[in-house]
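Welcome, and take a moment to look over the sequence and the model. We will walk through them together, a step at a time.

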Amino acid sequence: MSEAARLPGCRISEDAPLQARNTFGVPARAPMLVEVTDASVLPDLLGQRMLRDDALLVLGGGSNLLFAGDAPGAVLALDTRAMAITDDDGDRAIVRADAGGGWHDLVLWTLGHDLAGLENLALIPGTVGAAPIQNIGAYGVEVREHIHVVEAFERATGALRRLSAGECGFGYRDSVFKREPGRYVVTAVEFALRRAARVRLDYAGIGEELAAMGIVGAPRASQVAEAVCRIRRRKLPDPAVIGNAGSFFKNPMMPAAQARALKAGNPALPVFPTGDDAVRKLSAAWLIDACGWKGHRDGDAGVAASHALVLVNHGGASGGQLLSLARRIAASVHDRFGVSLEPEPRIVGATW
Ligand code: EPU
C-alpha cells in the first residue's frame, strides 16, 4: 500500500465509502479505493501485492452492480476520460475513448462529430469502460455492433491487450470480461462509426416517438438519440433522483417450443426472436408485472411504478434488502410461469 501510495497517476484512500459510487445508493465500504488518472500506471500498480488479489473489484459508474455487502477487497476506479478520432476516411471513423468517461457523454460527442451508430444507446448510465463488459443494449442495438477494439490490461500476464470484437465473446448482456471478472481491466474502447449510417427504427416505440416530435421522413441520428432519451426519461427512473441499476433481470431465453407453449397459455406475453431460430427471448418485465410486483414496496426497497424490471431504492434500503426483494420476485415468477430469472447487475458480497 505504501509503495502504491507513492505512484503518480493514482489516488488511494482506505476504508472508503461507496454509497455515492453505486447508482442504487446503498451503503457499502471498500478496504482500499484506488482511483487511477493515468492508465499507464496500471502495470506497476496492479503488480503490487494488495492489488494482485482476486477480490479486486473494478468499478465503473456503479450503475450495474448491487452491493449486498462491503467490497471484499480493493476497489479500482479509472478516472481517465480522453476521446479522439484516431482514423477517418470521410465515411467511416474510429473513435477511441478512455474507459473512465461517461457513456452518454461519448454518445453526444460522437453525434456532435456527425458520427452515427451509438444513437439508440443514448442515456444509458455508466462509463465507457463498462459498456463492453455487459454488452450494453437498447432499442434494437447492442454496443458490440460498433466495437472495433477493446483495450484491456490482462492481470495475469501484465500485458496491455487489444481485443477485437470477435475476441470479446459478446452475447446478450455478456462478454468475456463479464464471464471472467478478474482477468482484465478495460482501459479504453475503440468504436467504428459511420457518417452516412442508416438509423435503426425497428424497436417498438421509436417511430411513434419521432412522429410525436414532429419529425417526418428520414430522421438524423441525433434526432433518434433525442427520441430514445424521451422514451427512457418517461419509462426508466433516473438514478440521480431514485436509486436503481436499470433492468435488474435479464430477459430470459428459452427453446422456441417452450416459449410457444407459454405464449399459448398467456397470449399477451411478448416473445422476441434472438437471431437463433431455435431460441426465443421473453419479456421479464411482463412476467414480473403479471405477478403484481410493479410499484410494490417493502420499506425502502421497491419495484419502479413505471417499469416492472427496475428495482428501486426509495432512500434507506440496504443492498441485502434489495437482494431479498429480487429473490422473492424471481421465486414468484418461477412458481407461476416455471421461468427462472437471472439478475443482470453484478452482485457483490452475496451469490444469487
Ligand atoms: N412491459 C411490461 N411491464 C412493464 C414494462 C414492460 O409488461 O412494466 C412489457 C411491455 O410489453 C413491453 C415489453 O415488456 O413492450 C418490453 O419493455 P421495454 O421496451 O421497456 O424493454 P425491456 O425488454 O423490458 C430491455 C432492456 C433495457 C432497454 C430496453 C429498451 C434488458 C434486460 N433490458 O428492457 O435495458 O432499455 O429493452 O431497449 O434487456 C438495462 O439493461 O438496464 C436496460 C434498461
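Predicted model: local features only at pLDDT ≥ 70, side-chain atom pairs only at ≥ 80, totals over all residues.

Residues are numbered from 1 along each chain as its sequence is written, and side-chain values use heavy atoms, with hydrogens and water left out.

Let us begin with the overall form. The protein chain holds 10 helices and 20 strands; these are DSSP runs numbered from the N terminus, helices being H or I of at least four residues and strands E of at least two. Its C-alpha trace spans about 65 × 50 × 35 Å along the principal axes. Of the 352 residues, 49% are buried, where buried means under 20% relative accessible area, exposed over 50%, and partly exposed in between, with a 1.4 Å probe and protein chains only.

Now turn to the ligand. It has 22 residues around it, and those that come nearest are Tyr-139, Tyr-172, Tyr-203, Asp-289 and His-307; a residue counts as near if one of its heavy atoms lies within 4 Å. By type, this shell consists of 10 nonpolar, 6 polar and 6 charged residues. Here Ala, Val, Leu, Ile, Met, Phe, Trp, Tyr, Cys and Pro count as nonpolar, Asp, Glu, Lys and Arg as charged, and the others, Gly among them, as polar.

Where in the chain does the shell come from? At least two residues each are supplied by β8 (137-138), β13 (243-247) and α9 (284-290), and α9 gives the most, with 3 residues.

Some side chains reach oxygen atoms of the ligand with a polar atom. For His-307 the distance is 2.7 Å, for Arg-173 it is 2.9 Å, and for Asn-251 it is also 2.9 Å.

Finally, visit the loop between α4 (103-112) and β8, where Asp-114 is found. Leu-123 lies in the loop between α4 and β8 as well. Most residues other than glycine have a negative phi. Asp-114, however, has a positive phi near 65 degrees, and Leu-123 a positive phi of about 70 degrees. Are these residues buried or exposed? Asp-114 is exposed, because its relative accessible area is 55%, whereas Leu-123, at 23%, is partly exposed.

Note on methods
Polar contact = N/O pair within 3.5 Å; in protein donor to acceptor, adjacent residues only side chain to side chain.
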